[in-house]
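Here is a short report on one protein model. Please keep the sequence and the 3D view at hand while reading.

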Amino acid sequence: MSRYGWCWRPCALALLLVCLPYSAAFAHCFVGARFFPATLAIDDPCVADELSLPTVDWFKNGAIPSASEWDISAEISKRITEDLGISIGDIWSQMTPPGGPKMAGFGDLETTLQYQLLKNDEHETAMLLGLIADWGGTGAINSGIGTPYSLLTPTYYFGKGFGDLPDDAGWLRAFAVTGQVGYQFPTTSYEVAQNLYIPQNLVYGFSLQYSMPYLKSEIQDYQLPDFINHLIPIVEAQFSTPVANNYGNSSATIGTINPGAIWVGSYFQVGLEAMLPVNRASGTGVGFLGQLHLYLDDMFPNTIGQPLLGGTGAAPRKLSF
Amino acid sequence: MRTLLTMTTALLLSLAAMASAPTGAQAHAFLDHASPLVGSTVPTAPHELSLSFTQSLEPSFSTVEVIGPNGARVDQGKPQISGNTMRVGLKASGPGAYHVHWHALSVDTHTTQGTFTFHVGQ
């Protein structure tokens with residue numbers, strides 16, 4: 001094999017992906033009249049073609065004493081078929097303990113395989129199953145940011161809009177909730193080098209969101225400024241609770257509650273949230289979380305905004321009532 | 001591990017290749033505004049409903065239906081679509097709640113739909 005032999009396989013696979021037939025375009029997370037934005041701390045309940053680049057957060061972590069931590073991450077999600085998608089992401093972290101040396105490096109590469117279980121337009125309900133894999137040995141183990149073992153997290157995601165409430169509910173119909181719950185287990189139960197048991201965790205979170213675009217187009221147009229009509233105020237929460245194999249470790253639940261807002265455009269969204277730790281083990285003070293998120297299906301509707309497989313190129317079906 | 005890196009590299013390469021391909025960027029057609037306004041109350045029954053979207057529509061696959069206070073359709077059938085605007089005539093009807101159901105297909109085949117109500121009279 002030549003010195004360039006390492007690259008022929010990814011190049012060939014990339015060529016195959018580019019040449020695959022394209023199907024009729026569809027959506028990111030639209031369910032009936034409801035649009036679920038990409039949430040920052042947890043995942044939305046749809047497979048999609050999207051790119052989060054970058055997601056940036058800063059907070060004082062739960063170490064004693066607290067270290068100042070920056071995280072910068074990126075994730076690309078791609079539909080393989082209309083209902084099956086994959087995501088690949090990674091994170092770069094820098095931790096600065098008071099008076100101590102900085103530690104920095106990449107976290108473990110994370111991939112997620114997701115399958116769309118349900119989209120019910122009438123009830124604005126979406127359900128999704130996923131398997132998150134954090135690949136051990138791909139991050140900066142010496143900095144304590146990556147791990148030598150992998151983590152697998154089967155996860156259930158859901159979203160529910162309240163647009164199916166009676167008309168009398170008025171502005172309450174613009175509310176929606178999303179959430180996810182997963183069981184995270186490591187590929188090894190004991191880390192010999194650190195004499196440490198690796199716990200299994202329940203990983204869960206939810207969001208409560210209020211859609212100003214939904215209020216304007218479905219309930220009442222108050223003719224508010226355009227910027228306001230694109231906002232989705234949101235509160236997200238994310239938690240992790242050790243539930244097994246946790247000998248000698250803290251049993252505390254860690255997590256944050258994140259109030260903020262997402263501005264939704266036609267091709268991208270921008271989100272900004274505060275991060276409030278729920279206890280000392282989760283951190284101290286108020287951090288922040290921001291994200292630029294691109295809708296690839298809208299930006300490139302005829303190319304990467306299409307699922308990779310299963311396209312027929314047929315004309316869209318005529319809609320009728 | 002090697003396979004994973006291969007797949008990651010392939011995905012990034014294909015993304016770069018496809019992103020550089022020429023494409024007319026379009027997006028989902030959101031309802032920008034309606035006349036009568038969404039959720040509004042107007043003194044007399046309008047003769048026409050007008051919907052303006054954030055993207056141009058595909059006329060053959062975009063539809064609207066209006067249900068009047070007596071539960072019957074009051075729209076006059078196929079809407080007129082020009083660019084990002086959909087118009088449909090309304091039959092004379094009395095005061096009460098009018099329910100509008102629309103489906104839109106933007107010119108790049110993204111579909112959206114929505115429902116709203118406006119009121120006529122007190």
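In which strand of chain A is V235(A) found? V235(A) sits in strand 14, residues 231-244.

## Basis of the model

This is a predicted model: local features need pLDDT of at least 70, side-chain atom pairs count only at pLDDT 80 or more, and totals for chains, interfaces and linings use all residues. Residues are numbered from 1 along each chain as its sequence is written, chains are lettered from A and ligands numbered from 1 in the order in which they are written, and side-chain values use heavy atoms, with hydrogens and water left out.

Helices (H or I, at least four residues) and strands (E, at least two) are DSSP runs, numbered from the N terminus.

V235(A) is partly exposed, with a relative accessible area of 33%. The classes are buried (under 20% relative accessible area), exposed (over 50%) and partly exposed (in between), with a 1.4 Å probe and protein chains only.

V235(A) belongs to a nonpolar surface patch of about 420 Å². L208(A), I257(A), L276(A), V278(A) and V286(A) are also part of the patch. Patches are made of residues with over 30% relative accessible area and no salt bridge; like charges are joined within 9 Å, nonpolar side chains (Val, Leu, Ile, Met, Phe, Trp, Tyr) within 5 Å. Accessible areas come from the Shrake-Rupley method with a 1.4 Å probe; for residues, only the protein chains shown count as cover.

## Cavities

The whole structure holds 4 cavities of 30 Å³ or more. The largest cavity has a volume of about 70 Å³. A cavity is a set of points on a 1 Å grid, over the protein atoms alone, where a 1.4 Å probe fits but cannot get out; lining residues have an atom within 4 Å of a point. Grid points are joined across faces, edges and corners, and a volume is the space filled by probe spheres set on the points.

The largest cavity is lined by 13 residues. Nearest its centre lie A48(A), E50(A), S77(A), S87(A) and Q114(A). Strand 4 (68-79) and strand 5 (84-96) of chain A each give two or more residues to this lining. The largest share, 4 residues, comes from strand 4 of chain A. The lining divides into 4 nonpolar, 4 polar and 5 charged residues. Here Ala, Val, Leu, Ile, Met, Phe, Trp, Tyr, Cys and Pro count as nonpolar, Asp, Glu, Lys and Arg as charged, and the others, Gly among them, as polar.

## Salt bridges

There are 10 salt bridges over all chains. A salt bridge is a side-chain nitrogen of Lys or Arg within 4 Å of a carboxyl oxygen of Asp or Glu. E124(A) pairs with R34(A), the closest N and O atoms being 3.1 Å apart. E124(A) lies in the loop between strand 7 (109-120) and strand 8 (125-135) of chain A and R34(A) in strand 2, so the pair ties together parts that are 90 residues apart in sequence. E124(A) is buried at 4% relative accessibility, and R34(A) is buried at 1%.

E82(A) and R79(A) also form a salt bridge (2.8 Å, N to O). E82(A) is partly exposed at 34%, whereas R79(A) is buried at 1%.

## Chain B

Chain B comes to 1 helix and 8 strands. Its elements run α-β-β-β-β-β-β-β-β from the N terminus on. Of its 122 residues, 47% count as buried.

E48(B) and R87(B) meet in a salt bridge (3.5 Å, N to O). E48(B) is in strand 3 (residues 48-53) and R87(B) in strand 6 (residues 85-89), 39 residues apart. M86(B) also lies in strand 6 and is buried at 1% relative accessibility.

## Backbone exceptions

Most residues other than glycine have a negative phi, and most peptide bonds are trans. The bond from I64(A) to P65(A) is cis, with omega near -5°. P65(A) is in the loop between strand 3 and strand 4 of chain A. In chain B, a cis peptide bond joins S35(B) and P36(B), with omega about 0°.

N195(A) has a positive phi of about 50° and is exposed at 56% relative accessibility. N245(A) has a positive phi near 55° but is buried at 17%.

Notes:
On a 1 Å grid over the protein atoms alone, a cavity is a set of points where a 1.4 Å probe fits but cannot get out, and a pocket is an open set with protein on both sides within 12 Å along at least five of seven lines; lining residues have an atom within 4 Å of a point.
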